[in-house]
Amino acid sequence: MPDMHIRTALPDDEEALGRIDRATWSTLHAVQPAPQPPHPPFFNERFGPHDHLVAELHGEVVGYIRLGYPTPLLANAHVRQILGFAVTDKARGKGIGRGLVRAVVEEARRQGARRITLRVLGHNTPARTLYESEGFVVEGVLPGEFLLDGAYVDDVLMGRPL
């Protein structure tokens, strides 16, 4: 997509990313309660701008993906994990999510990782379909791990080599 640009987040992106995070909240992908004011900062001591890739469409930030370590263990340092991912409703269906997934895979490679993993809710068919089309496979399922909107939902572990 010629008008899409993916880059590392900047400190000035914090407000836009916080808005996207709140606007896209849904039990389709979130296990925490809906965000309520006062909203905490998007960037924090664990995840800063350098841990996020953002997608811009026509110069507007319309999505992000967060990359980090799945654990603090040295024995696990060769693995990166997608720890957050959101695209605005108006930007969906335009290849933004796919572009972010491809870019984060390349960033994980650039960092020297050998594997990339993620966790996705079992009922999130659109996300699972995207991940599978980008080479992720189901590596485990935690059945009924979360109770969301009165239903028990599986936590699906996916990964791929780099």
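In this predicted model, the side chains of Arg 98 and Glu 134 form a salt bridge, with nitrogen and oxygen 2.5 Å apart. Arg 98 belongs to helix H2 while Glu 134 sits in the loop between H3 and strand S6 (137-148), so the pair ties together parts that are 36 residues apart in sequence. Arg 98 is partly exposed, at a relative accessible area of 33%, whereas Glu 134, at 11%, is buried. A further salt bridge brings together the side chains of Arg 115 and Glu 139 at 2.8 Å, N to O; because Arg 115 lies in strand S5 and Glu 139 in strand S6, this pair ties together parts that are 24 residues apart in sequence. Here Arg 115 is partly exposed, with a relative accessible area of 26%, and Glu 139 also counts as partly exposed, at 43%.

The structure holds 11 salt bridges, and one of them is formed by the side chains of Lys 90 and Glu 60, at 3.0 Å from N to O. This pair links distant parts of the chain, with Lys 90 in the loop between S4 and H2 and Glu 60 in strand S3, 30 residues apart. Lys 90 is exposed, with a relative accessible area of 54%, and Glu 60 is partly exposed, with 38%.

S2 runs antiparallel to strand S1 (residues 4-8), to which five bridges join it, and Met 4 stands opposite Leu 57. S2 also pairs in the antiparallel sense with strand S3 (residues 60-68), over six bridges, and Ile 65 in S3 is the bridge partner of Leu 53. Two residues lie between the strands in the hairpin of S2 and S3, where His 58 takes a positive phi near 55°.

What lies in the interior? The largest nonpolar core has 25 residues, and those with the most contacts inside it are Ile 96, Ile 116, Tyr 131 and Phe 136. At least two residues of this core come from each of S2, S3, strand S4 (79-87), helix H2 (96-110), strand S5 (115-121), helix H3 (125-133) and strand S7 (151-161), and H2 gives the most, with six residues. Leaving aside its neighbours within four places in sequence, Phe 136 is in contact with residues including Ile 82, Val 101, Val 105, Ile 116 and Tyr 131. Apart from this core lies another, of 10 residues, among them Phe 42, Phe 43, Val 61 and Tyr 64. In soluble globular proteins, nonpolar side chains tend to be buried together.

Helix H2 has 15 residues and reaches 21 Å from its first C-alpha to its last, close to the 21 Å expected at 1.5 Å a residue. Its buried residues include Ile 96, Leu 100, Val 101, Val 104 and Val 105, and just after the helix Gly 112 takes a positive phi of about 90°.

Thr 24, in the loop between helix H1 (14-23) and S2, is buried, with a relative accessible area of 7%, and its side chain reaches the backbone oxygen of Ile 20 at 2.8 Å.

Definitions and conventions: Residues are numbered from 1 along each chain as its sequence is written. This is a predicted model: local features need pLDDT of at least 70, side-chain atom pairs count only at pLDDT 80 or more; totals for chains, interfaces and linings use all residues. Side-chain values use heavy atoms; hydrogens and water are left out. Two strands pair if DSSP finds at least two bridges between them. Helices (H or I, at least four residues) and strands (E, at least two) are DSSP runs, numbered from the N terminus. A nonpolar core is a set of buried Ala, Val, Leu, Ile, Met, Phe, Trp, Tyr and Cys residues joined through side-chain atoms within 4.5 Å. Buried means under 20% relative accessible area, exposed over 50%, partly exposed in between (1.4 Å probe, protein chains only). Contact means heavy atoms within 4.5 Å. A polar contact is a pair of N or O atoms within 3.5 Å; within protein, one must be able to donate a hydrogen and the other to accept it, and residues adjacent in sequence count only if both atoms are side-chain atoms. The expected span of a helix is 1.5 Å times one less than its number of residues. A salt bridge is a side-chain nitrogen of Lys or Arg within 4 Å of a carboxyl oxygen of Asp or Glu.
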